[in-house]
Amino acid sequence: MTKFTALESRRQEIQVELDSLKTQEERNIMGQFSTPIALAKDIITHAKNLIPKHDKIRFFDPAFGTGAFFSALTSTVSSSRIEAATGFEVDEHYGKPARELWSKTMLDYQLKDFTKQKPPAEECDKFNLIICNPPYVRHHHINGQKKRLQAKALESANMKLSGLAGLYCYFMALSHGWMNENAIAAWLIPSEFMDVNYGQSVKNYLLNEVTLLQIHRFDPSDVQFDDALVSSAVVWFKGKKSDNNHNVKFTFGGTIHKPAQEKDISWKVLTTEKKWSRFPLYDQRQKTGYPKLSDFFAVKRGIATGDNKFFILSPVQIESLNLPIEQFRPILPSPRYLDTTEVKADKDGNPEIKNPLFVLDCKLPIDEIKRVYPDLYSYLKAGVNAGVSNRYLCKSRKIWYSQERRPESRFYCTYIGRSDKQGKKPFRFILNQSKAIVSNSYLILYPKPDLENAINENHNLDKLLIEALNQITGKAMVAEARVYGGAMYKLEPKELANVPAFELQGLLSKGYK
């Protein structure tokens with residue numbers, strides 16, 4: 001067993017031991033998800049092949065942890081080629097044992113907060129191989145540091161990050177000053193940056209401040225981290241600015257060296273495409289000339305109650321608490337509990353389903369409730385005592401127990417779903433014949449005036465429309481969705497509105513106008 005093989009074996013033991021001493025919640029808050037060594041070796045191998053063979057390697061990892069990437073480097077590159085190696089780690093829990101582990105190597109292990117360090121002033125002291133799996137800390141866990149980090153990101157990389165950006169975006173920006181012009185960087189980050197609004201600043205950086213070389217996106221059904229439900233991507237780029245006239249390689253699935261699919265996309269196309277995750281599985285988006293769901297529907301999100309357990313009750317619960325049913329609206333259950341694509345109504349307009357539910361939606365002032373509905377007043381008072389009224393959504397309302405205004409619609413679409421390797425469609429459309437509204441686990445499609453008029457004039461058109469909607473392929477919908485680990489897809493209102501709707505155009509061209 002070689003020296004570094006023994007060190008790697010010990011590193012893995014230390015990693016398991018240290019992880020076991022922290023709760024899952026603690027590690028989620030800190031964004032601590034160690035890179036599997038096989039993946040680390042694949043990334044290092046690919047990255048070092050992008051560096052000229054005779055160049056010495058100056059290695060840098062600003063989120064070192066226990067050192068999976070450094071271990072992979074030392075096992076794949078001769079020690080004579082490694083001129084320098086530096087790593088930063090903020091958490092002493094991992095940092096002290098790791099620093100001791102690597103103490104007899106050339107590694108300069110800094111147990112410090114990388115985001116507070118100054119990059120080298122001299123070009124010769126900078127690094128030409130930056131490899132990092134940055135902490136995946138969500139924005140709400142970095143509230144106290146956002147202004148400082150935003151200012152540094154703008155100064156270092158001209159990256160203007162929104163308040164919704166995760167910590168990994170700041171790590172990428174702040175590392176810019178540590179790279180020399182010919183540096184190769186590889187970042188193992190959540191693939192969501194390719195689609196979400198806050199990711200636009202990261203994409204602008206990749207297009208305009210460096211030369212983006214390749215993005216490999218792992219199949220979302222193959223989660224890279226056992227303890228983190230994220231869909232991952234590896235982004236490779238060169239420190240030098242782009243000449244704006246090159247192609248970027250997009251690869252998907254399989255391994256980094258043998259991807260299932262790949263496609264070269266021009267820099268110019270990437271400057272206008274908002275959803276980079278469509279590559280390489282889909283071609284460049286058509287800009288005009290095709291029908292979209294937004295041509296026929298206005299798409300809105302379902303209601304967010306702020307506390308479903310408090311606000312959404314069954315008829316049995318409402319009766320047992322002696323609450324006034326007239327202050328409730330029917331609401332469909334979560335999609336997992338609704339196994340139909342058509343919801344029929346009873347004589348009162350309530351949905352004819354197995355387990356009907358109702359959502360409290362009272363517009364009356366509290367004094368009037370106390371006078372007219374004393375049992376409802378007691379229920380609301382119990383909600384106040386339990387802290388429901390102080391929840392973020394509730395306290396932002398004029399009346400905390402009144403839901404946002406959302407009329408029911410004939411057409412709903414599930415907001416989230418899973419696909420599989422057999423291409424199971426992750427979303428479905430539902431025809432609603434009742435007065436039921438939906439929660440934010442659905443999207444609401446409100447027919448636009450021309451379509452509404454056509455539906456009113458043709459009593460069977462709504463059923464034909466739901467058939468046409470459900471004929472839209474899963475591929476077309478997934479192309480607009482955002483993906484997470486475990487092949488879980490989500491559609492936001494604007495994304496659903498952008499789904500091609502040839503099926504609807506074909507139906508309505510038959511005269512239902």
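## Largest pocket

In this predicted model, the lining of the largest pocket divides into 14 charged, nine nonpolar and seven polar residues. The space in this pocket amounts to about 880 Å³. The lining comprises 30 residues, of which D195, V196, N197, R482 and E492 are the closest to the pocket centre.

Two or more lining residues come from each of α8 (200-208), β19 (482-484), β20 (488-490) and α18 (493-497). Helix α18 supplies the largest share, with three residues.

## Open sheet

Nine strands make up an open sheet of mixed pairing, arranged in the order β3-β2-β1-β4-β5-β7-β6-β8-β9. Its edges are β3 (108-110) and β9 (261-266), each of which pairs on one side only. From one strand to the next, the twist averages 15°.

Within this sheet, strands β4 (residues 127-132) and β5 (residues 179-190) run parallel and are joined by five bridges. I131 stands opposite A186 of β5. In general, strands of a sheet pair through backbone hydrogen bonds, in either a parallel or an antiparallel manner.

## Packing of α6 and α7

Helices α6 (residues 146-157) and α7 (residues 167-174) pack with their axes 8 Å apart, at an angle of about 35°. Their crossing is left-handed.

On the α6 side, the contact involves K146, L149, Q150, K152, A153, S156 and A157; these meet L167, Y170, A173 and L174 of α7. The residues of this contact divide into seven nonpolar, two polar and two charged.

Note on methods
Residues numbered from 1 in each chain as written. Predicted model: local features only at pLDDT ≥ 70, side-chain atom pairs only at ≥ 80, totals over all residues. Heavy atoms only, no water. Axes fitted to C-alpha atoms, helices over the stretch in contact; angles between N-to-C directions. Helix = DSSP H or I, 4+ residues; strand = E, 2+ residues; numbered from the N terminus. Left-handed = near helix turned anticlockwise from the far one by under 90°. Contact = heavy atoms within 4.5 Å. Nonpolar A, V, L, I, M, F, W, Y, C, P; charged D, E, K, R; others polar. 1 Å grid on protein atoms, 1.4 Å probe; cavity = no way out; pocket = protein on both sides within 12 Å on 5 of 7 lines; lining within 4 Å. Points joined across faces, edges and corners; volume = space filled by probe spheres on them. Pairing = 2+ DSSP bridges.
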